Amino acid sequence: MGSYISSNANRFYTALESAYGSVGTITASNRIPALKLTVQQQLEVTNRKDKTGSRTFAGLPVGGRRRTSFELQTYMTSWQNTSAGPGYGPLFQAALGRTPLQFGGGTVASSNSSGTLGFTAPHGLSVGQAVASASEIRFVAAIVDANNVQLNAAFTIPPAAGAIAGTTVTYLPATALGSVSVFDYWDPAAAVQRILCGGAVDEMEILLNGDYHQFHFRGMAQDVIDSSSYSGTVASLSSFPAEPAVAAFDYSIVPGNLGQAWLGTSASQFFTITNASVLLKNNLDMRTNEFGSNLPQAIAPGPRGITASFDLYSQTDTATAGLYEAARQQSPISVMFQLGQAQGQMAGVYLQSVIPQVPEFNDGKNNLQWQFRPSRAQGTLDNEIAVAFG
């Protein structure tokens with residue numbers, strides 16, 4: 001008699017798709033430490049109005065349209081500083097759209113307290129790209145010249161001349177979006193294995209200062225195929241792919257209290273953040289009503305919406321008062337959160353221009369907290385947000 005299948009006997013992999021719904025190729029390096037994957041597929045139910053001579057429902061024909069939605073949650077974890085980026089990188093690329101920018105590091109020539117960073121050789125960086133130094137990550141706010149950049153905020157420990165800036169991978173938004181495949185393998189091998197194909201990320205949420213930093217992805221997919229019912233050629237596959245040979249999977253979870261917060265019209269570091277999140281919504285409208293198909297045929301993104309929410313303890317310092325003043329005057333501020341504080345365990349999210357909502361006063365605890373409700377980021381052309389790993 002078969003036994004129950006343990007919910008921990010589960011491994012996840014992700015891969016970008018070369019074309020919508022065409023399942024990507026994975027290796028052991030594509031594995032991610034997901035917390036939970038929820039997939040729901042529903043058949044479109046329409047009313048039958050034919051007269052059957054009774055009140056009994058006669059059923060629906062086979063081949064109706066299918067709607068597939070998913071949600072995937074993962075902790076932020078350590079990653080190997082390679083050009084491939086973290087294992088969940090394909091999900092960030094699917095959410096934002098642009099091919100990630102790689103920075104292989106460089107030798108520092110100079111740095112100062114105003115956030116100017118110089119290199120001994122041409123840096124090749126772009127605005128919005130991330131730079132890492134020791135236990136900190138920052139974003140390029142402006143290009144000074146071929147060897148110098150202006151950062152969104154100065155490093156708290158300015159790197160000395162001759163120091164090495166670390167490797168970073170930066171994800172930026174684009175007008176068009178790609179799709180991702182998510183592989184869901186189980187033990188024992190006879191269990192039903194699944195592949196979510198044509199995954200389009202409608203919402204991406206970055207959660208800070210919980211027990212652990214977390215990333216949540218929600219969206220719609222073209223289909224979910226499984227090893228039990230698979231037959232013929234589906235999703236550009238001639239057979240259901242076997243799981244790659246399971247390799248060592250060693251990673252560290254990053255505590256939610258580790259990181260930095262930089263806010264304000266002139267970025268200041270805040271140590272009083274108690275909770276924060278950044279939410280991206282792509283407002284997808286999938287091509288689901290195509291004649292001749294019961295599956296979505298493409299991703300149709302709508303206006304992008306990005307919001308930042310954060311709570312902090314109220315203080316009488318100039319920086320905290322400046323946030324309230326900016327909210328009242330509807331003046332834009334920059335928002336940057338750093339998650340983690342060690343090489344290979346850092347991420348950063350940077351919103352260059354956010355109009356903060358006037359905060360709510362929460363006086364239900366011993367110390368007064370200000371709660372800044374979702375405040376929308378703005379930009380000019382696909383530059384509202386940058387997410388990076390270092």
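How many helices and how many strands does the chain have?

1. This is a predicted model. Its chain contains two helices and 25 strands. With a radius of gyration of 24 Å, close to the 21 Å that the globule rule gives for 390 residues, the chain is as compact as a globular protein of that length.

2. On overall dimensions, the C-alpha trace spans about 80 × 45 × 45 Å along its principal axes.

3. On burial and surface, 48% of the 390 residues are buried. The chain exposes about 18600 Å², and 49% of that area is supplied by carbon and sulfur atoms.

4. On contacts, the count takes residue pairs at least 6 apart in sequence, and 71% of these contacts join residues at least 24 apart.

5. On charge, the chain carries 21 positive and 25 negative charges.

6. Seven strands make it up, in the order β5-β12-β25-β22-β21-β17-β18, and their pairing is antiparallel. The edges are β5 (101–103) and β18 (268–269); each has a single partner strand, so one side of each is left without a neighbour in the sheet. Strands of a sheet pair through backbone hydrogen bonds, in either a parallel or an antiparallel manner.

7. Leu101 has Thr170 of β12 as its bridge partner.

Technical notes: Residues are numbered from 1 along each chain as its sequence is written. This is a predicted model: local features need pLDDT of at least 70, side-chain atom pairs count only at pLDDT 80 or more; totals for chains, interfaces and linings use all residues. Side-chain values use heavy atoms; hydrogens and water are left out. Helices (H or I, at least four residues) and strands (E, at least two) are DSSP runs, numbered from the N terminus. The radius of gyration is taken over C-alpha atoms; the globule rule is 2.2 Å times the number of residues to the power 0.38. Buried means under 20% relative accessible area, exposed over 50%, partly exposed in between (1.4 Å probe, protein chains only). Contact means heavy atoms within 4.5 Å. Accessible areas come from the Shrake-Rupley method with a 1.4 Å probe; for residues, only the protein chains shown count as cover. Lys and Arg count as positive and Asp and Glu as negative; His and the chain ends are not counted. The place of a charge is taken as NZ of Lys, CZ of Arg, CG of Asp or CD of Glu. Two strands pair if DSSP finds at least two bridges between them.
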